[in-house]
Amino acid sequence: MRIRDTGDLWWKNAVVYCLDVETFMDWNDDGIGDFPGLVQRIDHLADLGATCLWLMPFYATADLDDGYDVTDFLAVDERLGDLGDVVELVRTARDRGIRVIVDLVVNHTSDQHPWFRSARRSKDSPFRDFYVWRADEPPPTKDQVVFPDKEDAIWTFEEKTGEWYRHRFYHHQPDLNTANPKVRDALAKTIGFWLELGISGFRVDAVPFALADAASTPDDEIDDPHEFLRILRAFVGRRAGDAILMGEVNLPYLEQAKYFGNSDPTDGGDGGTDVTELTMQFDFNAMQAMYLSLAREDVGPLAAALRSRPPIPHDAQWATFVRNHDELTLDKLSEEERQEVFAAFGPEEDMQLYGRGLRRRLPPMLGGDPRRVRMVYSLLFSLPGTPVLYYGEEIGMGENLAAEGRLAVRTPMQWTPERNGGFSRAAERSLAGPLPTDGYAPEHVNVADQRRNPDSLLAFVRTLAHRYRECPELGWGDWEILDQPHAAVLALRSTWQDASMVTLHNLSPNPAVVPLELGELEEGSRLVDLLTDDDCEPEPDGSAEVRLDGYGYRWLRVTQPSSRRLL
């Protein structure tokens, strides 16, 4: 039996907005963003059209990895506020129709977490098996580290007990042994705690790492590592039936499909009717292909990626994105393809990171061309799936390459043209991060100025978010790539119930006339442009020719006289 298409599956056409509390709004002027500041700015998200707020880690932390080195999963970083502030945020967001999801770090803790402080002191510690140890000296593992400029191996020797502990990330982030039932219980307790406070789900960090090596010793094997995800999903379902697990899974499509719970993603079916693992996954493959297509001004790579998506369960969803908080990874491209993207969007060595990605935001990568920037965000909202915005994208924020590593794209939110961008009244040296000082500095890019400008990027992204929410075919529908003769033009048609839409995007500066073949339509049918007033009237056989500017974009609702859908 297929699951009914109802509003209960809110994630199918949500607009997700990701932010770090620490860099969003400082309300007590200590230089660090906080929950009271976020609450004061929640109306910005509501006005934008966001329906789901994703919070990066705000837990108690040693603060050596921007909050991902957690020292207590059940506590709030005291610089940001307390549990009461979290509840106030959830209540305020709910009043505006916004759900809140939070990062769930299941792969590791900080080495300052009480579990690891106990585990490293003695082999008899009750928390020893919360982590992964080995007594024999490990072989070289330089090729397995996530941060090759910071770590030389994934094992570090602990002198007190004479054994090595594993860490896929930094040495100060020991890996949890998720094969241990006690660890699973502790993580379930964490999930249950935050669900009781009104959280609507979790973005699960580094999912493959948490499953692939879930063993207490190197020789241990687990019959089915995915059992852990199924247990977490079942627990979430019992505690809050409409809560989600949105996973960070950067793998090839067929491997990625397994994390939705598909038993056989190659069987050509619809992937089943029940999601047993992750509810949503980020589409890293399409994102990387999109940048290759932008570099080539050829939609071929993106179209090929979309066509390669495996079938997924009916109530699962892909999360689409242009940018996130990490480096813009290009690891699924070949070396030659990666160099093409580097040459186009990050030719200087300082713009690149680890040889696999870029530490830049979109507007600077596109040379500040507003036509290209708007076209890309129009493309984001029209791709099949749920769009995810990273804070500051709605106003076209840039990066600060003077900041270390991935911190280049984690600069404070720019609210006004005033000092510190209106983020904080603290001294500049006390801020959570350095603001851009170039053409993307707050005096040039900020919310206040753009709110008063109907032609601003903020106004445009707001329109996209609201139109997306008004078009269920984009989140729910079946889709197809329409054949047409222009290599630079992506023509997508999405259909759901009696709603059908064609979206067109031109990745080149050259205008084009795009021929469409839409099949038989009722007499009096029209192609209504949802972004401008430039409607089209198809021929009786469903054919049409649509003008598209250089770097142009069109959202065309196929309306027929028998349809009762609002425009």
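Asn180 caps the N-terminal end of α5, with a side-chain oxygen 2.9 Å from the backbone nitrogen of Lys182. The model you are looking at is predicted, so local features need pLDDT of at least 70 and side-chain atom pairs count only at pLDDT 80 or more, while totals for chains, interfaces and linings use all residues. Residues are numbered from 1 along each chain as its sequence is written, and side-chain values use heavy atoms, with hydrogens and water left out. Helices (H or I, at least four residues) and strands (E, at least two) are DSSP runs, numbered from the N terminus.

**Helix α5**

- Helix α5 covers residues 181–196, and its 16 residues reach 22 Å from first C-alpha to last, close to the 22 Å expected at 1.5 Å a residue; that expected span is 1.5 Å times one less than the number of residues.
- Buried residues of α5 include Val183, Leu187, Ile191, Trp194 and Leu195, where buried means under 20% relative accessible area (1.4 Å probe, protein chains only).
- After α5 comes Gly198, with a positive phi near 100 degrees.

**The five-strand sheet**

- This open sheet runs in the order β17-β18-β19-β23-β21 with antiparallel pairing; two strands pair if DSSP finds at least two bridges between them.
- β17 (478–481) and β21 (526–529) are the edge strands, each with a single partner, so one side of each has no neighbour in the sheet.
- Neighbouring strands are turned by 25 degrees against each other on average, direction ignored.
- Strands β18 (residues 489–496) and β19 (residues 499–506) pair antiparallel over eight bridges, and Leu492 stands opposite Thr503 in β19.

- β13 and β15 (residues 357–358) run antiparallel and are joined by two bridges; Thr329 has Gly357 in β15 as its bridge partner.

**Asp283**

- Look for Asp283 in the loop between β11 (280–282) and α9 (284–296).
- Asp283 counts as buried because its relative accessibility is 1%.
- The Asp283 side chain reaches the backbone nitrogen of Ala286 at 3.0 Å.
- Leaving aside neighbours within four places in sequence, Asp283 is in contact with Tyr253, Arg309, Trp318, Ala319 and Phe321, contact meaning heavy atoms within 4.5 Å.

Conventions: Axes are lines fitted to C-alpha atoms, for helices over the stretch in contact, and angles run from 0 to 180 degrees between N-to-C directions. Buried means under 20% relative accessible area, exposed over 50%, partly exposed in between (1.4 Å probe, protein chains only). A polar contact is a pair of N or O atoms within 3.5 Å; within protein, one must be able to donate a hydrogen and the other to accept it, and residues adjacent in sequence count only if both atoms are side-chain atoms.
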